[in-house]
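Dear colleague,

Please read them with the coordinates open beside you.

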Amino acid sequence: MEDENKPYQLLLTGVDKTAEVQSWRHVGKKCEVTFSSGSTFAYNADNVQIIESALNATKPRDCFEYLKRIATATGLIATRDSGEKFNTLASSYAKIDFVSPTGMLGAFLSGKLPKTGGGSDAKPVFPFGFNASQKAAVDNALLSPLSVIEGPPGT
């Protein structure tokens with residue numbers, strides 16, 4: 001089962017082999033993996049984990065495309081050493097072709113954020129000191145599953 005338009009991550013005994021895999025398919029209790037070299041090996045299905053990108057689902061993909069359009073319209077324009085101008089945020093989004101469905105971005109895009117954040121188990125470290133508003137922002141962030149704290153550079 002392979003589809004170039006549906007990104008996936010393939011782990012063999014916990015090791016990411018996605019870049020080396022050309023295709024894969026389930027055959028009974030085995031998983032046949034064909035590598036870019038042309039070699040095909042059959043693995044015990046228990047040793048193969050295939051994770052489909054959150055972007056394979058319509059809602060997360062549409063949300064991600066919306067964020068990319070916003071980035072294109074509002075992103076910071078920078079200049080490369082060559083003199084070429086580019087949109088820093090849009091360039092970063094363009095590099096993303098796989099989003100883990102269990103990661104924070106996948107949860108955000110699918111609207112399935114966890115109910116609570118780090119809470120009392122989280123231990124913040126303030127290596128450069130902080131003021132009362134910065135401490136309050138961190139405390140609030142630790143109580144939420146996702147927080148965006150906006151401020152001037154260096155905050």
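Please keep in mind throughout that this is a predicted model.

I began with the face of helix H1 that is turned away from its buried side, where the exposed residues Lys59, Arg69, Thr72 and Ala73 are found. The buried residues of this helix, for their part, are Pro60, Phe64, Leu67 and Ala71, and because they cover an arc of only 60° around the axis, they lie on the same side of H1. Those buried residues pack against strand E8 (85-87), helix H2 (88-94) and helix H3 (104-110). As for the length of H1, its 17 residues (58-74) should span 24 Å at 1.5 Å a residue, and this agrees with its end C-alpha atoms, which are 24 Å apart.

The sheet I looked at is an open one of three strands in the order E2-E1-E6, and its pairing is antiparallel. Strand E2 (15-16) and strand E6 (48-52) stand at its edges, each with a single partner strand, so one side of each is left without a neighbour in the sheet. Strand E1 (residues 8-12) pairs with E6 over five bridges in the antiparallel sense, and Gln9 has Ile51 in E6 as its bridge partner.

Finally, Ala141 belongs to helix H4 (residues 132-142) and is partly exposed, its relative accessible area being 22%. If its neighbours within four places in sequence are left aside, Ala141 is in contact with Ser147 and Ile149.

Key:
Residues are numbered from 1 along each chain as its sequence is written. This is a predicted model: local features need pLDDT of at least 70, side-chain atom pairs count only at pLDDT 80 or more; totals for chains, interfaces and linings use all residues. Side-chain values use heavy atoms; hydrogens and water are left out. Helices (H or I, at least four residues) and strands (E, at least two) are DSSP runs, numbered from the N terminus. The expected span of a helix is 1.5 Å times one less than its number of residues. Buried means under 20% relative accessible area, exposed over 50%, partly exposed in between (1.4 Å probe, protein chains only). The arc is that of the directions from the helix axis to the C-beta atoms. Contact means heavy atoms within 4.5 Å. Two strands pair if DSSP finds at least two bridges between them.
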